[in-house]
Amino acid sequence: MAERKRERVPQNRAIQTKATILRAAAEVFDEFGFSGASISKIMKRADVTQGGMYFHFASKEELAYAVMVGQGDGLVFPSGEDGLQRLVDITLYLADQLRHNPVLRAGVRLAVEQGEFGLRDDVAYQAWVLEFRQQLRFARSKGELQPDVDDHELAWILVSSFTGAQIFSQMSTGRADLPQRIASLWRYLLPAIATEEARGALRLTLPQAEPGE
């Protein structure tokens, strides 16, 4: 039993160190982009040695990929009944998180800049397609979608539109207006995809947190 405890201590420390490096890397990539980031900046931000860095990540490219594909890690999506309203809430939540969350921002930035580190990989985008499609399937089971809507195609369109909106918003306002832009996207999209009854029940703002939450 004592031996197992001694084994777990280094393992837990390694897990914590890796998480610290990833957080620091996300902050540096968010601030400087892939080209402007460096292993030395990340090491300094994470307060780790060169050995500690390369034990977990062999290169800046490997670290950038880990941040890119892990962009959704740690997010806590709005609660509520699965379906169209929850999908709207998730997109508005992501829009708000992109204004404040460096891990998400870095992952999104690296997905756009990945050509700079030799990749053309859509895994991060496909993960969001899958997330959105799941909610659309619930929406269909509840009768919220028009009969001719293809949930996979619509999920792809949503991810593509969200990506374009956040890039445009970043260029124009530093993403300050992104939640409003995503609400506008839904306002024009919903008449084409949702039933009249579903549209009438939807809200295009995030619910206000209760006092003490």
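Colleague: Let me start with a single residue. Where does Asp47 lie?

Modeller: Asp47 is in the loop between α2 (39-46) and α3 (50-56). The helices and any strands are DSSP runs numbered from the N terminus, with at least four residues of H or I for a helix and at least two of E for a strand. Two notes before we go on. Residues are numbered from 1 along each chain as its sequence is written, and side-chain values use heavy atoms, with hydrogens and water left out. This is a predicted model: local features need pLDDT of at least 70 and side-chain atom pairs count only at pLDDT 80 or more, while totals for chains, interfaces and linings use all residues.

Colleague: Now salt bridges. How many are there?

Modeller: The general idea is that side chains of opposite charge can pair when their charged atoms come close. The rule asks for a side-chain nitrogen of Lys or Arg within 4 Å of a carboxyl oxygen of Asp or Glu. By that rule the count is 13 salt bridges. One of them joins Asp30 and Arg105, at 2.7 Å from N to O. That pair links distant parts of the chain, with Asp30 in helix α1 (residues 2-36) and Arg105 in helix α6, 75 residues apart. Asp30 counts as buried at 16% relative accessibility, and Arg105 counts as buried at 18%.

Colleague: Which residue forms a salt bridge with Glu81?

Modeller: Lys142 does, with the closest N and O atoms 3.2 Å apart. Glu81 is in the loop between α4 and α5 and Lys142 in the loop between α7 and α8, so this pair ties together parts that are 61 residues apart in sequence. Glu81 counts as exposed, at 61% relative accessibility, whereas Lys142 is partly exposed at 37%. Lys142 also forms a salt bridge with Glu144, at 3.5 Å between the closest N and O atoms. Glu144 counts as buried, at 14% relative accessibility.

Colleague: How do I read empty space inside the model?

Modeller: Rolling a probe the size of a water molecule over the atoms shows where empty space is left. A cavity is a set of points, on a 1 Å grid over the protein atoms alone, where a 1.4 Å probe fits but cannot get out, and lining residues have an atom within 4 Å of a point. Grid points are joined across faces, edges and corners, and the volume is the space filled by probe spheres set on them. Here the count is one cavity of 30 Å³ or more, and the largest cavity holds about 190 Å³.

Colleague: Which residues lie nearest the centre of the largest cavity?

Modeller: Gln71, Val108, Trp128, Phe162 and Thr163, out of 15 lining residues. The elements giving two or more residues to this lining are α5 (84-100), α6 (102-113), α7 (123-141) and α8. The lining divides into twelve nonpolar, three polar and no charged residues. In that sorting, Ala, Val, Leu, Ile, Met, Phe, Trp, Tyr, Cys and Pro are nonpolar, Asp, Glu, Lys and Arg are charged, and the others, Gly among them, are polar.

Terms used. On a 1 Å grid over the protein atoms alone, a cavity is a set of points where a 1.4 Å probe fits but cannot get out, and a pocket is an open set with protein on both sides within 12 Å along at least five of seven lines; lining residues have an atom within 4 Å of a point. Buried means under 20% relative accessible area, exposed over 50%, partly exposed in between (1.4 Å probe, protein chains only).
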